[in-house]
Amino acid sequence: MTLTELKYIVAVARERHFGKAAEACYVSQPTLSVAIKKLEEELELKLFERNASEVAVTPLGEEIVRQAQVVLEQAASIKEIAKRGKDPLAGPLRLGVIFTIGPYLLPDLVRQVIQRTPQMPLMLQENLTAKLLEQLRLGEIDCAILAEPFPDTNLAIAPLYDEPFVAVVPVNHPLARQHEVTAEQLKQETMLLLGAGHCFRDHVLEVCPEFARFSNDAEGIRKSFEGSSLETIRHMVAAGMGVTLVPRLSVPSWALGPDARTLPPGSGPGDASYLRYLPFAGEPPTRRVVLAWRRSFTRYEAIAALRNAIYACELPGVKRLSA
């Protein structure tokens with residue numbers, strides 16, 4: 001049994017396809033198939049059920065693949081320990097970020113990391129929460145910036161900041177004349193949401209009880225449209241299709257200033273001046289943003305350096321948190 005064989009079975013279990021697994025491992029399919037067959041013969045059991053359309057992992061195979069992932073991670077940690085003896089921050093850090101955080105945090109974060117720890121470049125991956133959690137479990141990324149809540153996967157968690165939500169309405173909407181808005185007012189509007197699978201959609205519905213309670217009621221939110229990204233939804237709001245909520249870091253710097261309400265439509269970049277951003281009256285709905293990593297991850301100094309780089313970012317309008 002070799003580490004290479006264990007790497008192959010983990011890849012097949014992930015891809016559910018021998019050809020795709022071979023590509024992911026940068027080997028030919030015959031090479032991968034022969035190695036897996038050799039391992040199955042050594043273990044005297046079938047790891048995979050093969051048919052014309054897909055590859056399924058056997059029940060015992062599932063257990064063995066999970067243990068193989070642990071072994072591969074522990075083997076990798078040996079190299080990490082050796083690196084730490086020379087420079088604890090040497091080498092790339094594989095960071096995952098959800099779609100509703102990445103575009104607004106990463107530009108500043110990457111600059112901070114380059115200035116503070118140039119020997120630790122960030123390898124970035126944007127994805128949905130569920131996919132990032134799976135990549136963490138499989139060791140495909142080292143850590144991830146996520147928004148709570150998400151399933152308890154026995155990860156180490158460090159809180160970063162609490163981020164308020166801001167309402168966005170068309171410039172000619174009656175609410176655009178106000179300085180702030182309430183959830184009670186918004187529940188009567190057509191609400192534009194991200195599509196299923198985006199955690200921010202769930203956050204809006206969970207944090208704002210009125211939205212969840214009335215989402216299927218003609219007395220409340222009359223209709224729900226879906227967009228693939230916050231930027232797409234902003235364009236839909238500018239076009240007058242409804243209103244939405246966005247996280248505070250996604251709000252342009254000028255949009256909440258004293259002159260924002262007097263900006264003539266069409267005078268700003270793109271459709272930006274066709275929108276009005278309204279903070280919530282009183283205590284705003286928020287989401288908690290955290291940094292998550294596997295408890296077995298050995299580069300503690302890298303995690304600490306990343307957290308310090310995040311705290312060094314401007315983060316306007318959010319409440320910074322400490323562990």
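How many residues does helix 1 have, and how far does helix 1 reach from its first C-alpha to its last? The model examined here is predicted: local features need pLDDT of at least 70, side-chain atom pairs count only at pLDDT 80 or more, and totals for chains, interfaces and linings use all residues. Residues are numbered from 1 along each chain as its sequence is written, and side-chain values use heavy atoms, with hydrogens and water left out.

Helix 1 (residues 3-15) has 13 residues and reaches 18 Å, close to the 18 Å expected at 1.5 Å a residue, where the expected span is 1.5 Å times one less than the number of residues. Its buried residues (under 20% relative accessible area, 1.4 Å probe, protein chains only) are Glu5, Leu6, Tyr8, Ile9, Val10, Ala11, Val12 and Ala13.

Taken as a whole, the protein comes to eleven helices and twelve strands, assigned as DSSP runs (H or I, at least four residues, for helices; E, at least two, for strands) and numbered from the N terminus. Of its 323 residues, 48% count as buried. Contacts (heavy atoms within 4.5 Å) with a separation of 6 or more come in 74% of cases from residues 24 or more positions apart.

Thr117 counts as buried because its relative accessibility is 7%. Leaving aside residues up to four places away in sequence, Thr117 touches Leu89 and Ala305.

How values were computed:
Buried < 20%, exposed > 50% of the residue type's maximum accessible area, 1.4 Å probe, protein only.
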